[in-house]
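Reader: I have a sequence and a model on my screen. Can you walk me through the structure?

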Amino acid sequence: MRVAARLTVNGIDYPVALDPHTSLLNAVRDAVGLTGSKEGCDDSECGACMMLLDGEPVNACSYLALQADGRDVVTVEGLGVALGLAPLQRAFLQHGGVQCGFCTPGMLISATALLRRNANPSEDEVRIALAGNLCRCTGYDGIVRAVRSVAGSADAT
């Protein structure tokens with residue numbers, strides 16, 4: 001049995017029909033067609049699936065899509081600006097925060113949420129905010145440097 005819903009993703013309304021057990025990650029990837037968010041563990045452990053839901057980061061692999069009906073979802077595709085990459089995205093490239101790229105969407109979402117609630121976090125605060133995101137390539141230092149490099153700027157995210 002499918003249920004009609006409306007997902008608002010990156011400011012665009014998508015009417016969808018979903019099975020009640022469909023995760024937000026699968027709905028966004030399959031029904032909406034945005035594949036930036038990744039499925040790593042399917043158990044809320046790795047953070048690759050992270051999306052903003054009403055401004056707060058959630059593990060979309062374990063969040064039911066129907067719970068997002070009528071709420072605001074932002075994926076990594078929604079972080080860019082009209083003319084290209086957001087400052088935080090550019091900083092990830094400049095500071096070696098991207099290697100294989102699999103964790104990058106989730107890292108960007110978590111870092112965006114942090115910078116929106118704390119414009120100038122300390123290194124420890126950055127590391128704590130990113131603790132739910134696993135990376136096997138970068139060693140985290142480049143990611144932390146990237147976040148800190150845009151901290152305090154008005155247009156960081």
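Author: The questions below take up this predicted model, from its cores to its cysteines and loops.

Reader: Which residues is Met107 in contact with, leaving aside its neighbours within four places in sequence?

Author: Met107 is one of the core members that touch the most others. Contact here means heavy atoms within 4.5 Å. With neighbours within four places left aside, the partners of Met107 are Phe92, Leu130, Asn133, Leu134, Cys135, Tyr140 and Ile143.

Reader: What covers the buried residues of helix 2?

Author: Helix 2 spans residues 87–94. Its buried residues are Pro87, Leu88, Gln89, Ala91 and Phe92. The cover over them includes helix 3 (104–117) and helix 5 (141–150).

Reader: Is Gln89 buried or exposed?

Author: Gln89 lies in helix 2. Leaving aside neighbours within four places in sequence, Gln89 is in contact with Val76, Leu79, Gly80 and Leu108. Its relative accessible area is 11%, and the cut-off for buried is under 20%. Therefore Gln89 counts as buried.

Reader: Which classes of residue line the largest pocket?

Author: The largest pocket has a volume of about 190 Å³. Its lining is made of Gly40, Cys41, Cys46, Ala48, Cys100, Phe102, Cys103, Leu134, Cys135, Arg136 and Cys137. By class, that gives 9 nonpolar, 1 polar and 1 charged.

Reader: How many disulfides does the count come to?

Author: A disulfide needs two cysteine sulfur atoms within 2.5 Å. By this rule the count is 0.

Reader: What is the nearest cysteine sulfur to that of Cys46?

Author: Cys46 is in no disulfide. Cys46 is also buried, with a relative accessible area of 13%. At 3.8 Å, the nearest cysteine sulfur belongs to Cys41.

Reader: Where is Asn10, the residue with a positive phi near 55°?

Author: Asn10 is not a glycine, yet its phi is positive. Asn10 is partly exposed, at 25% relative accessibility. Its place is the loop between strand 1 (3–9) and strand 2 (12–18).

Reader: What is the phi of Ser44?

Author: Ser44 is found in the loop between helix 1 (24–32) and strand 3 (50–53). Ser44 is partly exposed, with a relative accessible area of 27%. Although Ser44 is not a glycine, its phi is positive, at about 60°.

Reader: What separates the C-alpha atoms of Gly78 and Val9?

Author: Gly78 sits in the loop between strand 5 (72–74) and helix 2. Gly78 is partly exposed, with a relative accessible area of 33%. Gly78 and Val9 are 69 residues apart along the chain, and their C-alpha atoms are separated by 8.0 Å.

Note on methods: Residues numbered from 1 in each chain as written. Predicted model: local features only at pLDDT ≥ 70, side-chain atom pairs only at ≥ 80, totals over all residues. Heavy atoms only, no water. Helix = DSSP H or I, 4+ residues; strand = E, 2+ residues; numbered from the N terminus. Buried < 20%, exposed > 50% of the residue type's maximum accessible area, 1.4 Å probe, protein only. 1 Å grid on protein atoms, 1.4 Å probe; cavity = no way out; pocket = protein on both sides within 12 Å on 5 of 7 lines; lining within 4 Å. Points joined across faces, edges and corners; volume = space filled by probe spheres on them. Nonpolar A, V, L, I, M, F, W, Y, C, P; charged D, E, K, R; others polar. Core = buried A, V, L, I, M, F, W, Y, C linked by side-chain atoms within 4.5 Å.
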